[in-house]
Amino acid sequence: MVRFDLRGSGGNEAAARARAFLADDTQSDLSLLLILDEASALRRHRQAYEALVSSNYTDGMLCVATGPIDGDPPLLELPGSLTQAAGVIWVPDPAGITWRTNPPGPAIRRDRRDADTGLRLLLDVLSQADVFRETLRRLQAPGLVVNPGLRLAGVGEGQNDFDQALAAAATRLLAPGAGKAPALTSRYEETRAQRAAVRLRRDGPLDNDVAAARTAVEEAAEAAGDLPRPMAMFTGTQEARAAMSRASERLLALRDRLERLFSAAHSSVGLEPEHLDAIEREGVTLPSVPDFDATETASTIRDYIRDGLDNRVALPVLTEGLNRWQRRLMPLGSRARIPDLRRACPDEVITRLRHAEPMPGSQWWLPLAGLTSTALAAVGPLGVVSGPVMALLWTLLVTFTLGRDQPLARRVGAVTGNAVAAVAGVVGAVAAADFLLADPLPDVVWAGLLVLSLVVALGAVLVSWRARAQRWVERCGLAQAGEAVEALLGVAGSVSGEWARAGSKIAAADAVSRMSVALDQVGVAVRERAFRPPAEESAAEPDPRVTHYLSDLVMEAMAPRLRVLVSGTTAVHGEQVRHKAAELFEVWEDHVSGRSPYDTPPFGRERQLTPERRLNEDLPELLAAAGADPRGEMRQFCSAGEIPLLDLGAEPMTVRFASQRDRAALADSLPTGVTWIPSTQFAGTLRLLPLRGGVARQSWAAEPEQEAAR
Amino acid sequence: MTLKQGDSLTFFEPGGRRTEAVLEAAEEIAWSGSPLQAHRVILSCADGTVRQYRHLSPLTSAHEAYQALDNEILAGLRMHRLCGDRLYPASVSRLAGYEANGKEPFALVEHYRGSPIGSTSGRIVPGEGVRFQSTLLTGARWLNAAGIAHRSISPANVHWDGMTAQITDFSTATIVGAPREEIGRPPWQAPEQRPGQVEGWVSQKEDVWSVGRLIYYVATGRELIRSEQAKEEPELAHLLNGIFGPIEGRPTPRMLLTRLNLHDPVPQQIQPDAALEQGRADFHVHRMRKHPGLRTVNGSMPRPATQSPPPPPPEPDTRKGWWRR
């Protein structure tokens, strides 16, 4: 299919051009010829058409004649050679009107800026060979001149359509709370796995305090370990108490030193020299951590915004995500971790060590042991002597061992109770012996009972002491003290990591803050340029293509900011990004004014769509365009003034066309007679309205200039 | 006032010298809500230099517009009187020239630093937060020392350039000791400036409320709705302690700088001129005569020249010594 443009030519010039065109060997196949000419010059170009018609090169010719016609009444004069051999399509106004033929509706002017685009699209459609042939077949009647109407999928109302599509996309992009922001992490945020032990300079103040605390706790544990031994019954808990008191002092000293250090080195905006001096004085060695990496941070933010936009997350949500990340990155300062020290080493642990409770009281069974012991001693022939002696021994044993570290009242009670039990044992044993034993016990037996009595007494006291000592040690919380030292060091390790990372974190927070403000200001620019109140657009669903390109605009506007995210005030970044966004909107509008609103703008990425997704997104539009009602509203290439020249009583001729690729999906839903074309760019309905009789007139006469040339 | 290229502007420098400059270019600056109009002007000065200034003139012929210009000029002159040429703080915008009595009065101010804090909704880079606080309080301290109360400190007229906060727009400023009046806009308006609560005299603590609110706003990104919110921010609680209570217990800018461990930026040897105090009292009498409508809500009048205005409350002595109680 070849195009030949005769516009702007005089009569002789047109003829010469036609002859040259036919003589051009590079144009191999002229069987289908689409001629573009001016309506007012058709008669003057008679010779050119004669040459083309008589050339034998062409099999089918369509002539698209543009521009208004003169005369009262208006008259379109056509050379007879043209009308006999070609179909003529008159386009008085390439911008056209939006118009419904039946029932006749008002003519709605279209954007004049869209004229070139409209004519170009009409010519592109007619340039599809199958559409060309089908149109030519409709125009077979000699002298028939038609005015075209076009409903094309993917092409709306020009600038208005673009504005509406942009507004719908902007509404979606700015909707608060729409979508969920992608996750954001950075290597500047410490993870649990990364927490390292605090590194202390050997013999530094903190290291000494840690060693002292550990030593004191170990000594206290050792003293506590000695307590259940037999000799400890007589010495009591004094030594263990002293050791525990020393341990509590050391523990408190360690915690206090850490608290003072956390206060002295506190900063929420990165460490100053005085903070580092304070850390150094205490002998803490900061771990080495990665420096702030601007490139990595920029890449993280870029990917975050891109992922969010691709997943239809709104700008306010993305901005808030950046703000949250900034807050996480902001160092809290070590003073904020002092409560962690208190949790690691609660006051209760220190108090329990320092002020250990009295020893638990003696067990309930102890007096029974005493009773048994004295009874065994009182059974023999000298029981009235050995019994009381044993009772006295028992009482003294209880007094000087188990009675220690007791409140006076408890001690008196314990001793009294045991003494009474011992006496009762003696009395009972003597009485029982008198009553039950006819003969005195043999000496061996009596000696054995005496020994047993001693064993029972000593064994009972020992068992009681051990149990009580162990219970006392547990109540002092010595185990928790050991854990507290390590817990304090754990907090110190975490904080030293925070100190080391403070510089990187604050630099990252600063960078994120700049980009957050920049992204927010992109939203301001979008709102200024494209946003309309939701009520007007509630029925408008964002076009996926415009939505995609709007996302590309956001990325393009942010790109220069991401390159300089380490410096500049937020105000400068905001101002610069607004200017950039405004520039990009201008570029986009310029691009659209000469093309379809859905064309890829210069800053846009080509959409990578699967065939299924493309079809699913485009199918409704394809069906609406290719199955349009020929009497319904579509673009008619004339002005309202030319409507009376059209024959509205005749049935409009229709050429429906769609891509062969979509035939399977569309065929059942469309009327019969669709022209399936190889191109995937076009689908729609071409409406051909004939002119009324008398508007077009064939002429076989030559122009006066040509008469003069003869 | 219309400005055309080639116009000759005659004006006084703050030091009192009269000079002339030729207008090379002028560009209007959008300034919503102000009774003054502003232009960015480039002047060829008499000394051969070409300088850029902000040209302020009354937007209308209304009394408020002229009063606003007066306030701008008077504040600039007081600052110049205090600081001279060498010590002028970057935290306060600077008057470069003025013409107060001509048919078209105007003021020339050195171009403001950076952008208004409000242009980014108070968002600044977090690492600059402490610097913002310290330079803002420095500016407030200098105003204190000059006896000026700004009375409208807000994100719209505090500028930030990444290094220094600058207090600008003195169209609502007055001098310490003047009768209080309803002024300012919520939420930056201190309680004693609000309708129904105005009484007494302007004090050194007049701007502390709005400075505190601005510090909170920039640090947190949130408006201060309840005074307890300040206590909930660990980094701000100490600095802002007492600001949002009654004015009597409010700290002064110098005390706030101490809380940031900063020295007083105003050198000891700079003291307000004693003549200013008498002149201030005279000024108020003349002003009330000139603007009879200017009264406080309770109808009180300023004291006449024979009676000096109440002295500002003394700064609490923070020095410690055995003789101090």
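Which residue in β2(A) is the bridge partner of D5(A)? In β2(A), that partner is L36(A).

## Ground rules

This is a predicted model, so local features need pLDDT of at least 70 and side-chain atom pairs count only at pLDDT 80 or more, while totals for chains, interfaces and linings use all residues. Residues are numbered from 1 along each chain as its sequence is written, and chains are lettered from A and ligands numbered from 1 in the order in which they are written.

## The two chains

Chain A has 25 helices and 15 strands; helices (H or I, at least four residues) and strands (E, at least two) are DSSP runs, numbered from the N terminus. Of its 710 residues, 44% are buried. Buried is a count of 20 or more other C-beta atoms within 10 Å of a residue's own, exposed is 12 or fewer, and partly exposed is in between, with C-beta atoms placed from the backbone. For contacts in chain A with a separation of 6 or more, 86% come from residues 24 or more positions apart; a contact here is two C-beta atoms, placed from the backbone, within 7 Å.

Chain B brings seven helices and 11 strands. Buried residues are 40% of its 325, and 61% of its contacts between residues at least 6 apart in sequence join residues at least 24 apart.

## Cores in chain A

The largest nonpolar core has 130 residues, and L488(A) and V522(A) have the most contacts inside it. Such a core is a set of buried Ala, Val, Leu, Ile, Met, Phe, Trp, Tyr and Cys residues joined through C-beta atoms within 7 Å. Helix α19 (residues 478-530) of chain A gives the most to this core, 26 residues. Another core lies apart from it, with 65 residues that include L33(A), V91(A), W99(A) and L150(A).

Leaving out residues up to four places away in sequence, L488(A) touches L254(A), R255(A), L258(A), L341(A), A344(A) and C345(A).

## Helices worth a click

Helix α17 (residues 408-436) of chain A has 29 residues, which should span 42 Å at 1.5 Å a residue, and its end C-alpha atoms agree at 41 Å apart. The expected span is 1.5 Å times one less than the number of residues. Among the buried residues of α17(A) are N418(A), A422(A) and V426(A), and the cover over its buried residues includes α15 (366-378) and α16 (383-402) of chain A.

Over in helix α23 (residues 611-626) of chain A sits E621(A). Why is E621(A) partly exposed? Because 17 other C-beta atoms lie within 10 Å. Its C-alpha atom is 9.4 Å from that of G684(A), 63 residues apart along the chain.

## Strand pairing

Pairing takes at least two bridges found by DSSP. The β-α-β crossover from β1(A) through helix α1 (residues 11-23) of chain A to β2(A) is right-handed, meaning that the path from the first strand over the helix to the second runs clockwise with the strands pointing away from the viewer.

In chain B, three strands make an open antiparallel sheet in the order β7-β9-β10. Its edge strands, β7 (115-116) and β10 (165-167) of chain B, each pair on one side only. Two bridges join β7(B) to β9 (residues 158-160) of chain B, and P116(B) stands opposite H159(B).

## Where the chains meet

The contact takes 16 residues from chain B and 16 residues from chain A. On the chain B side, α2 (129-145) and α5 (234-240) each supply at least two residues.
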